Amino acid sequence: MPKVLEQSGVVLQKPLDARTYLLRLNAAQIAEQVVPGQFVHIKLTMPGEALLRHPFGVAAVDKTQGTIDIIYRVAGEFTRALAKLTPCDRLSILGPLGRGFDLAAPGRTLLVGGGTGLAPLLFLVSRLGAEKTDVLMGARTKEELFWQKLFRPFVQHIFITTDDGSLGTHGTVMALLPSLLTQGYQRVYVCGPSPMMKAVANACEAQDVACQVSLERYMACGMGACLSCTCQGREKRLKVCTDGPAFWSKEVSEW
Ligand code: FES
C-alpha cells in the first residue's frame with residue numbers, strides 16, 4: 001500500500017474532556033486507503049515548532065469528505081502544540097503506516113480499551129457489525145468516559161470499569177474480563193496501557209480466545225529504518241511500526 005505525504009488542513013478541533021481532543025484533518029488520499037489499526041505520522045509545520053514526526057492511530061475516516069480523525073490527550077510539548085491548532089492551520093501527515101488489525105472473520109467480538117487506546121478501536125468498530133460486537137472500556141473515573149457516546153452507534157453492549165468506582169464496575173478491565181470471556185466471544189481486540197494489554201492477552205490465551213493487540217512505542221521514522229520502536233516477539237525481534245502496530249498476542253513477548 002503506497003504511503004502518502006499530505007499537507008493537511010485542520011477542519012475541526014474539539015475538546016472531548018479536560019485533556020482530550022478530537023482533531024479532524026483534510027487528508028483525502030490517506031482517508032481513501034487507511035484501514036483500522038494503521039497510524040499516521042504527524043509533523044507540525046509552523047515556525048518554531050518541533051521538527052520530529054509523532055505517531056497517532058486513526059480514530060475515524062470520512063472518505064466522502066476526505067478527512068481523518070485522531071483523538072489525543074495533552075501530555076507533553078507536541079500534544080500541547082497540537083491543541084493550539086485551529087481550523088485552517090496546516091500540518092504534514094505521512095501515512096497510512098504499519099499493519100492494521102486482522103479483520104478476517106472475527107465472529108463475535110469484544111473490544112477492550114483504556115484511555116486513548118480506545119481511538120484505534122473506534123475506527124475498527126465502525127467496520128464491524130454492531131450485532132456481533134461489544135466493548136469493555138476502562139477509565140480512572142467517569143469523567144473520562146465520553147467514549148460511551150462515540151461507541152454507542154456501533155456496538156450492542158458497553159461494559160464499563162472505573163478505578164475509583166464512579167461508574168460501572170469498580171476496578172480495572174480485569175475485574176470483568178474473565179467472566180465476559182466465558183460468554184462465547186471468538187475474537188478480542190485490545191489497545192491501551194501495556195500492563196492492561198498483557199493482562200488481557202494472558203486471559204484470552206487461558207480461555208483460548210484469539211486476541212489482537214495494538215502496541216505503542218516511540219517511533220522516530222515510522223517506516224522500519226531506525227529501529228527505535230523494536231520489541232521482542234516470541235519468534236523474532238519485531239518492528240512495531242512495520243510488523244505492527246497490530247499483532248496477534250501470541251506473536252508478542254515484550255509488552
Ligand atoms: S520507527 Fe523507525 S524502525 Fe520503527
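The radius of gyration of the protein chain is 18 Å, which agrees with the value near 18 Å that a compact globule of 255 residues would have. The model is a predicted one, and along its principal axes the C-alpha trace spans about 55 × 40 × 35 Å. The chain carries six helices and 16 strands, and the domain assignment divides it into domain 1 (4–97) and domain 2 (109–251).

**Overall fold and packing**

- Of the 255 residues in the protein chain, 44% count as buried.

**Domains and the contact between them**

- Domain 1 and domain 2 have C-alpha centres that lie 21 Å apart, and 20 residues of domain 1 are in contact with 19 residues of domain 2.
- On the side of domain 1 that touches domain 2, at least two residues each are supplied by β3 (39–44), β4 (54–57), β5 (60–62), β6 (67–73) and β7 (90–97).
- The largest share of that side of domain 1 comes from β6, which contributes four residues.
- Sorted by class, the side of domain 1 that touches domain 2 comprises 13 nonpolar, four polar and three charged residues.

**Backbone geometry: cis peptide bonds**

- Most peptide bonds are trans, and most residues other than glycine have a negative phi, which is the background for the cases listed here and under the next heading.
- Gly95 and Pro96 are joined by a cis peptide bond with omega of about -10°, and Pro96 is found in strand β7, one of the strands that supply at least two residues to the side of domain 1 touching domain 2.
- A cis peptide bond also joins Gly244 and Pro245, with omega of about 15°; Pro245 has its place in the loop between β15 (237–239) and β16 (246–248).

**Backbone geometry: positive phi**

- Cys88, a residue other than glycine, has a positive phi near 85°, and it is found in the loop between α2 (77–83) and β7.
- Cys88 counts as exposed because 8 other C-beta atoms lie within 10 Å, where the cut-off for an exposed residue is 12 or fewer.
- Asp208, likewise a residue other than glycine, has a positive phi near 60°, and its place is in the loop between α6 (194–206) and β13 (210–214).
- Asp208 is also exposed, since 7 other C-beta atoms lie within 10 Å of its own, a count that falls under the limit of 12 or fewer.

Methods:
Residues are numbered from 1 along each chain as its sequence is written. This is a predicted model: local features need pLDDT of at least 70, side-chain atom pairs count only at pLDDT 80 or more; totals for chains, interfaces and linings use all residues. The radius of gyration is taken over C-alpha atoms; the globule rule is 2.2 Å times the number of residues to the power 0.38. A residue is buried if 20 or more other C-beta atoms lie within 10 Å of its own, exposed if 12 or fewer, and partly exposed in between; C-beta atoms are placed from the backbone. Domain bounds come from an automatic or database domain assignment. Two residues are in contact if their C-beta atoms, placed from the backbone, lie within 7 Å. Ala, Val, Leu, Ile, Met, Phe, Trp, Tyr, Cys and Pro count as nonpolar, Asp, Glu, Lys and Arg as charged, and the others, Gly among them, as polar.
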